[in-house]
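The sequence and structure are shown first.

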Amino acid sequence: MMTRHIYTILILMAFTYTSCQKLEDWPMELITEEYLWDEKDSLGTNASYFLNTIYGEMPTGFNRIGGNLLCAATDDAVPSADNATVSRITNGGYSPINNPDDSWSANYASIRKCNLFLQNFPRITLKQDLRQEGVYWMAEARFLRALFYFELVKRYGGVPLLGDRVLTLDDDLRLPRNSYEECINYIVNECDVAKENLRPDPVPNGDFGRITKMAALTLKAKALLYAASPLNNPSNDKNKWRLAKDALAEAIQYGSSSGFSLESSFSNVFLTRKNNEIILAYQRAVTTDLELNNAPIGYVSGNTASRGRTSPTQELVDAFPTIKGLPITDDIKSPINPTGYDPNNPYANRDPRLSLTVFYNGMPWLNRPVETFDGGLDRPGGAVVQTKTGYYMRKFLGNFSSGTAYSNQTHNFPIFRYADVLLMFVEAKNEVDGPVDSVYTYLREIRRRAGIQQGSAPNLYGIPDGLSQDAMRELIRNERRIEMAFEEQRYWDLRRWKIAEQIFNKPLHGVRISKVGSNFTYNIETLAIPFQFIAPRMYRYPIPFSEISKNPNLTQNEDYLTVH
Amino acid sequence: MKHLLKAILIVCFSLPCAVYAQTIQGVVRGEDGPIVGASVQEKDVSTNGVITGANGSFTLTLKGVTKTILVTAVGYLDKEITINDTNAELTIIMEQNAKGLDDVIVVGYGTTKKITNTGAVTSVSAADVRNIPTSNIQNTLIGRAPGFISQQRTGQPGMSGAEFYIRGVNSLSGESQKPLIIVDDVEYTYDQVSQLDVNEIESFSILKDASTTAVYGIKGANGVLVITTKRGKIGKPMINANTEHAMQTPVTHPKFLDAYTVAQLRNEALRNDGLPEEFTQEDLEHWRLKDDPYGHPDVDWYHEVFKKYSYQTRNTIDISGGTPKIKYFISAGHLFQDGYLRNFSRGDYEAPKNNYAYQRFTFRSNLDMQATNTLKLRLDVTGRTGTTTEPHISTSPLATVYSYQRLPPYAAPLINPDGSYPWAFRSRNIYWETSLIGRLALQGYDKTFRNELNILFNVEQRLDFITKGLSVSWRVAYAGDISYDRSLYRNNIPAFYFNPVDSSYTIHSNGLYRLEPLTLSSSPQNTISRKTVNTLAKLNYARSFGKHNVRGMLLYNLDNVTRGSYNSATGVAAVQEYAPVVLQGTTLRLEYNYLQRYLLEFNGAYNGSSQFVGRHTKGFFPAISAGWNIAEENFFKNITFVDMLKIRASWGLTGSDVTAGNVYKTEQVYNPGPNYNFGETSNNFPSIQEGTLGNLDITWEKSRKTNVGIDAQLFNNKLSVTVDYFYDYRYDQLYVKDDVLKIIGVGLPYTNSAITENKGFDGQVSYYNRKDKLSYGATFTFSRARNKILYQGEATPRYPHLARTGRPIGQAFGYHVLGFFQTQEEVDNYPHLADAKPGDLKYEDVNGDGAIDQQDYVPIGKPNLPQTVLGTSLSFGYGNFSLNILFQGSFDYSYRISTNQVIPFQANLQKVALGRWTPETAATATFPRLSSILAGPSSPSNSSDFWMVTNAYYIRFKNIELGYQIPKSILRKFRISAARLYASGYNLYTWANFKLYNQDPEIQSGGSGAVYPVQKVYNIGLQIGF
């Protein structure tokens, strides 16, 4: 009898043990490494998704630093708001602890993803008709890795090169830095290898936005141009310039025979997804965010007021020539020159790119003229964030001179475009061979596209024949400034040309416009905004303190050791 | 099985079936007279027993051979009597159980006697806290139980359970700081334990050291709160009913300045910023004279919106009793807590009732059956259902009242002359809000319904036929918990601005002329459901061999937890966090003592958790402890005033498998990322991202616990003393290290890396005496626990003052304030934040680099959790009167004020702002200069010790209970056996150094500042027994 109870209990117990199993001991609903790189995924679907992530980590410009453009830390613009994050760069600079544009971890994270893809993707057997696509993807990952290294090198100088390694916690992560040359050579070699397997240009419409051979040629050329520039080429080794020039010539030669040319309309370059000029862009969904962020503050689209975050400077406005292509100081309006520059009507008869780059007083926008005069709707005074200079940024924004509200627009950030290639070529060519014919040809081509009047020889498009090499260099630099404004070029150009210390450390200017009746008077005013550049330290970014403190093999850039 | 059924039938009908019977008769008496309801049982036939009747008399027919009866009665020592003469009338005199030595303490999976206990355990009888008028039992233990440290963060009905810790915190992971809560051997969550009704509870035990927590192995590292519920005792049915009615009122009230003062200060702030004044002299004059209630309103919103007192009631009824064959405890309880909002409904049928409220019903049925002489069955069924109500409003009413941006005193009149609701036309908010009162009246409610059901079934078989003292039991327990939300609401109400100048009405920008219809949204919104099934099999052994006493326990335990959750915001279940968890383990306990003089105990658990993989699944957690009862030694016997003197020590290892976030920390998973666009037209393409690295090697946190203690009872058990010293070394803590180079390019996994230590002491001294009708006692408890981070894989900070290692868990960092800048010259000559002016805070430039930035942060203050907790309770009894008092104090902590609580013109201004710096009051200023810029240099958004009570403390008159036992002579007429009338209070008075900011000293540091205030409660109750 007693034993029967025990049996009952034992049976109950046994029942318990078998019935209480764990539901699942594996995150079955989650994507695992095995699933991602499944050898049998003959369409490579998941692998392609992984590659899409890497694409999404390419440099994206626009209002990326605390809501401001990086160019708001150059002489082209200032942020409209006080205490903007980006202002730290012009107000005491970046430190190993606080750097508004620190991208060390982000780029190494992206490089890791490229290496993961390169390491694992070959495991997948794609079906026959996708094999070529697979070859492209591998080359794209290689290119992207080189692009991320270029982003690092442009900021920090030489950085540790990881090769194809996917680092693990068991590795010794205390890697030393490679030299600047080693890094540039790595980028150049990677581009050389990748270009053979990248998609040839032009690509079908559906593939637009993917990396092509032209992108590899451009990145290689750009890396070489940076390496030849005064910051990285203190002895002015002509051979470095020659290498850059040759690479650019190759890019132009390949590009012009593969469908690249200057787009006929300057504004189209930024507003159409596919055009002849874009070599590589960060492709985004259509949005109104650029309009809302940067258009003058008096405009309300739907229920949202525009924020006018960027205030271009008088310096940038003055850099635009007149409609004849002449500097405003050389083309003053007079009875015999009625189309010259008129300080009392300063925006008339100017390079058409001016009105596509900045908003100025009186320009049409959403059915009314922009009012940046004192007390105007876009410069009302008081505590609201508003322009500091009398201008707002217009570039990249849709064509909303009429209409009542913004509609979704293509806002792809141009990483490489053909005009950049031409401008880089003329720069290198001028350094190697002086202002020879091809330099004039390409510059005039850019100006013609800009809508500058042709004029007559020897002053075609406002560029006089027979300039000295130095004068030509200045002209190229100015052309680069106005053509590429707000595209995150000048910020780096000022550094690689090693002229930042001359450009900075001077006050910037804006305009004060007073309206009396229907007349405007324009007064240039000096902005009370710090605009510092501490040379030579600021030519390179400091490596983040958190990395330096963990890695004794990592040497900090010059001049950062003694200061915080 | 057939036999079981038969047993139950027998129990149910209690058929007497004696054949060769000898019948005995007698009376059971105590010191004060006959004992009614004592149990008289035959010793070797445990099913044969009776209960004494009206005069303590009984009649029992003996069936066994030894002819020994066992008499037990509550409050008396058990007595065994061998019957020699079955014909004589027996008079059995019971001895009162002296408070102390034979007390039984509940420990993990069993009980132990106080005298032989070698671990650090604190036991609190639920009877001591039963009449404290709070809805959450964890609010009653602080100050009574040494080692129990808690902070009640909010007083909101239904959510007012304090967060509590045993011996403070000792883990860097917040999730892994919480103690294990065990109710009748089943694990409960913080939330679940808040729902329990104290009337169902018999006792609380707080297990603190390794010796007592090792049986819970992988879950024992944070200490354990063990709760046992009441069970029936042999005796005639006792019906006990209790009703309590209370008024609640906030412990602290904010006191905001009036419109006239605020408007003046607003102008001053704008002047300080070089901006034009907002209000004209005429405006100010209106406010001073209060002559324009619509154009220049001046409303004390706090008093208009909140009432002073809100109601609370608690009612319970239970019946308990039993025969030797069946014992039962059945109870039901009801609690209702009303909220502090006034009723704004104007009889409008479209206004759903929405005051804060909490309503809870609890029921429990605990049954014990003696199925056969050796087989016991137990079935506990308990359920709780609670409803929490809140107004449907985007920002809570108190937060709105605190906010200057939304509701300055001159924001709007209470109501327009035509009875319509106004909108806050003078607020700083650009989307002027509609009337707070209107919204409270008409916007509807959010309700959360929470239902819980627990079932426990236990079988215990004595196995004396194998060896004496052996028994086996098997148990399965289920705990289910489901909650869901229901909201009946509208988002907007009509509101108008009344302009007294031309008596015009302007509609609010929402354009509503009439009420919108109500919207009903129901579950599953933010629903959590949880199912736990616990299975347990236990082998017990207890036997004495002469002077040697042996006890042993072997236990197998299996927990299965499945959780589901649905988030309406994302529309998906939070699957990752709620993966099913399985825990299983085997536990062994061995106890040995020699004459209760030398004590030795071993506890060990071998258990595992499905949160880990491979060889890291299972671990062994041993603990040993020993004690020496010095008073039992012969050489000590003549020291008569010492009844007990015991020193004890324990050492052992326990674990914690609690990990935050994804349970699959071992695996690296890949997640969908943001889409990317390809093609000539905008086309989204999906992406997959690499997730944080997994770590196959992760395992539970471990705690090496050392405890040394002393227990003493002196002067005839009148004075008792317990003191424990402890040292916990917590290592292998799951932590994401910060010292790995970023070039690895991926999120880092949890590793078992961090180390912290926690040490301190706790204990209590109590004295109790009784003389005739007078009894009195006092207990003093103390707890102190301080922790320190020993290692956390911290990257070397730029300056040593920024290091977290070596400092307590939860240390705050911020600027050290040197004072106010007094002159512009001083500002110019010392590093300062942008825009600093005279009257702003002067922060110390700690690193001397000429700039004030986060590199100048230093540790400020102490952690938010008190490091020292003291409690003093006093009790007096005289005749039918009793009085109990508890004072509780918390010390050694810090509290940081938040922007929403104090920053002028973000928060409404309180008295503290009157001490502002002005050039005239420079020498005596206690508050920075006023500024209209909210994130200015002196704002609390720059963490600094100015906005902190660095050495906070409070002492609370935590509760008082005055009771009167109504004399039996009166009750007899009403056929009531006992009745007691009492009045009690909770949080009656608080002494704190917080007065400046009018905040409750227990609320979360740096919190939003507008949590539902902690309440003080005045309560009366009546308890009746039948």
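This is a predicted model: local features need pLDDT of at least 70, side-chain atom pairs count only at pLDDT 80 or more; totals for chains, interfaces and linings use all residues.

Where in chain B is the place of B:Arg167? B:Arg167 sits in the loop between β13 (163–166) and β14 (180–183) of chain B.

**Backbone geometry**

Most residues other than glycine have a negative phi, and most peptide bonds are trans.

Chain A supplies two cis peptide bonds. One joins A:Asp201 to A:Pro202, with omega near -10°, and A:Pro202 is placed in the loop between α7 (180–197) and α8 (213–228) of chain A. Another joins A:Ala535 to A:Pro536, with omega near 0°. A:Pro536 lies in the loop between β12 (519–526) and α19 (545–548) of chain A.

**Chain A as a whole**

Chain A contains 19 helices and 12 strands. The C-alpha trace of chain A spans about 125 × 55 × 55 Å along its principal axes. Of the 564 residues in chain A, 58% are buried. The accessible surface of chain A is about 21600 Å², and carbon and sulfur atoms hold 51% of that area. Among contacts in chain A between residues at least 6 apart in sequence, 71% join residues at least 24 apart.

The record gives "domain: SusD-like N-terminal" for residues 90–222. Residues 90–222 of chain A are 54% helix and 0% strand, and the end C-alpha atoms are 26 Å apart. For residues 294–560 of chain A the record gives "domain: RagB/SusD". Residues 294–560 of chain A are 27% helix and 13% strand, with 35 Å between the end C-alpha atoms.

Helix α5 of chain A covers residues 104–120, 17 residues in total. From first C-alpha to last, α5 of chain A reaches 24 Å, close to the 24 Å expected at 1.5 Å a residue. α5(A) is mostly covered, with 14 of its 17 residues buried.

A:Glu140 belongs to helix α6 (residues 131–156) of chain A. With a relative accessible area of 0%, A:Glu140 is buried. Which residues does A:Glu140 touch, not counting those up to four places away in sequence? They are A:Leu51, A:Tyr55, A:Leu198, A:Arg199, A:Arg210 and A:Ile211.

**Salt bridges**

Side chains of opposite charge can pair when their charged atoms come close. A search of the whole structure finds 97 salt bridges over all chains. Among them are the pairs in this table.

| A:Glu488 | A:Arg64 | 2.6 Å |

The side chains of A:Glu488 and A:Arg64 meet in a salt bridge. This pair links distant parts of the chain, 424 residues apart: A:Glu488 is in the loop between α16 (469–483) and α17 (490–496) of chain A, and A:Arg64 is in the loop between α3 (45–55) and β1 (77–79) of chain A. A:Glu488 is buried at 10% relative accessibility, whereas A:Arg64 is partly exposed at 30%.

A:Asp342 is buried, with a relative accessible area of 16%, while A:Lys333 is partly exposed, with 43%. In the remaining pair, A:Asp351 is buried at 1% relative accessibility and A:Arg353 is buried at 0%. A:Asp351 and A:Arg353 also take part in a network of salt bridges whose members include A:Glu277, A:Lys395, A:Arg417 and A:Arg447.

**A nonpolar surface patch in chain B**

B:Tyr598, B:Trp628, B:Phe635, B:Ile647 and B:Ile710 form a nonpolar patch on the surface, with about 450 Å² of accessible area together. B:Tyr598 is part of strand β32 (residues 598–609) of chain B. At 37% relative accessibility, B:Tyr598 counts as partly exposed.

Conventions. Residues are numbered from 1 along each chain as its sequence is written. Chains are lettered from A and ligands numbered from 1 in the order in which they are written. Side-chain values use heavy atoms; hydrogens and water are left out. Helices (H or I, at least four residues) and strands (E, at least two) are DSSP runs, numbered from the N terminus. Patches are made of residues with over 30% relative accessible area and no salt bridge: like charges are joined within 9 Å, nonpolar side chains (Val, Leu, Ile, Met, Phe, Trp, Tyr) within 5 Å. Accessible areas come from the Shrake-Rupley method with a 1.4 Å probe; for residues, only the protein chains shown count as cover. A salt bridge is a side-chain nitrogen of Lys or Arg within 4 Å of a carboxyl oxygen of Asp or Glu. Buried means under 20% relative accessible area, exposed over 50%, partly exposed in between (1.4 Å probe, protein chains only). UniProt positions are given in the numbering used here, feature names are shortened, and annotations may be inferred rather than shown by experiment. Contact means heavy atoms within 4.5 Å. The expected span of a helix is 1.5 Å times one less than its number of residues.
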